[in-house]
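Student: I have a model open and some labels to check. Can we test each label against its cut-off?

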Amino acid sequence: MNRYRPEIDGLRALAILPVVLFHSRTPGFSGGFIGVDVFFVISGFLITSLIIGDLEQRRFSLLGFWERRARRILPALITVAGFTLVVGWFLLLPSDFARLGQSLLAQSVFGSNVFFWRQSGYFGPLADELPLLHTWSLAVEEQFYLLFPLSMVVISRFAFRFRSQLVLALGVASLAISIWAVQQTPGAAFYLLPSRAWELAVGAWLALQKDNLRASDTIRQVVSFLGVGLIAFSVVAFDPATPFPGIAAIWPVLGTGAVIWANGTKLTFVGRLLATRPLVFVGLISYSLYLWHWPLFVFARYVNSTAFLSFGWNLGVVSLSFTLAYLS
């Protein structure tokens, strides 16, 4: 039985808040986009924990797994997509509304990351006119959810003793692709699963190894502090000019993995902070907050015809995002 870990919900808060502050152009959060990488590691860990738990109890079903993922992801996504279409109909120019429809169609088949890779760089000038741009990361996770559980079933049946090694090998291969692609084809490196899978694989490997990685309380305290420090460093030190993911993504991914591992058996000081009610609350609504905040920012900038909103507009958009995230 997988126990609830409130500090992971707090870690989700550390993922979504930098993303929102980055998209609001708040000074000091130039690398806030790395929050998505934090989400990837968390997803890999939690999904793999669920899969191996069900496999060990001989109750795992691929259809059941996909059905649970759909119930988790689709209701809020459909709500936000419907809102975006309605507002876009009244607000967007015909060409921009047509592009919105195309992106929604791509997301409906788990392919919006491929669509946006062909349309625009994540940091390009066109990005502020794409209300569903942020769904690229959902597409990456959905593609992972389709492929990884099937792989785990096959590996568990025919190579059970080597599950961790095979997941680690997958991660290393994906990281190598990411490092190469960020220099050769940066758009593909940013958007596509092959160069992002290693981030999910780090979480998956931790889930497979959680009973084997033991250390003293002192080491766990230190590792937990270092993990949060690496995430914070990435948020502050990186910016849209940083070649990403590639080598740069190692730091937030490693930091996230460190926090998850260090708090696996007992909460560290950092873990207790992450498990406080305000951070857990933000973590619990983080998925909906991620969905709502970006189209609201796009529409606000569209109305104001500017890439930089005033403090009042930013505060209003962030407040509305939290309200809608809580309600949905």
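**Labels and cut-offs**

Tutor: Start with Arg71, which is exposed, with a relative accessible area of 54%. Keep in mind that this is a predicted model.

Student: Why is Arg71 called exposed?

Tutor: Exposed means over 50% relative accessible area. Arg71 has 54%, so the label holds.

Student: Why is the contact of Glu67 with Arg71 called a salt bridge?

Tutor: The cut-off is 4 Å from a side-chain nitrogen of Lys or Arg to a carboxyl oxygen of Asp or Glu. The closest N and O atoms of Glu67 and Arg71 are 2.6 Å apart, so the pair qualifies. Both residues lie in helix α3, 4 residues apart, which means about one helical turn between them.

Student: What makes Asp54 and Arg68 a salt bridge?

Tutor: Their closest N and O atoms are 3.3 Å apart, and the limit is 4 Å, so the label holds. Asp54 is in helix α2 and Arg68 in helix α3, so the bridge ties together parts 14 residues apart in sequence.

Student: Is Asp54 buried or exposed?

Tutor: Buried means under 20%. Asp54 has a relative accessible area of 11%, so it is buried. Arg68, at 35%, counts as partly exposed.

Student: Why is Ser49 called buried?

Tutor: Its relative accessible area is 5%, and the cut-off is under 20%, so Ser49 is buried. Its side chain reaches the backbone oxygen of Phe45 at 2.8 Å.

Notes:
Residues are numbered from 1 along each chain as its sequence is written. This is a predicted model: local features need pLDDT of at least 70, side-chain atom pairs count only at pLDDT 80 or more; totals for chains, interfaces and linings use all residues. Side-chain values use heavy atoms; hydrogens and water are left out. Buried means under 20% relative accessible area, exposed over 50%, partly exposed in between (1.4 Å probe, protein chains only). A polar contact is a pair of N or O atoms within 3.5 Å; within protein, one must be able to donate a hydrogen and the other to accept it, and residues adjacent in sequence count only if both atoms are side-chain atoms. Helices (H or I, at least four residues) and strands (E, at least two) are DSSP runs, numbered from the N terminus.
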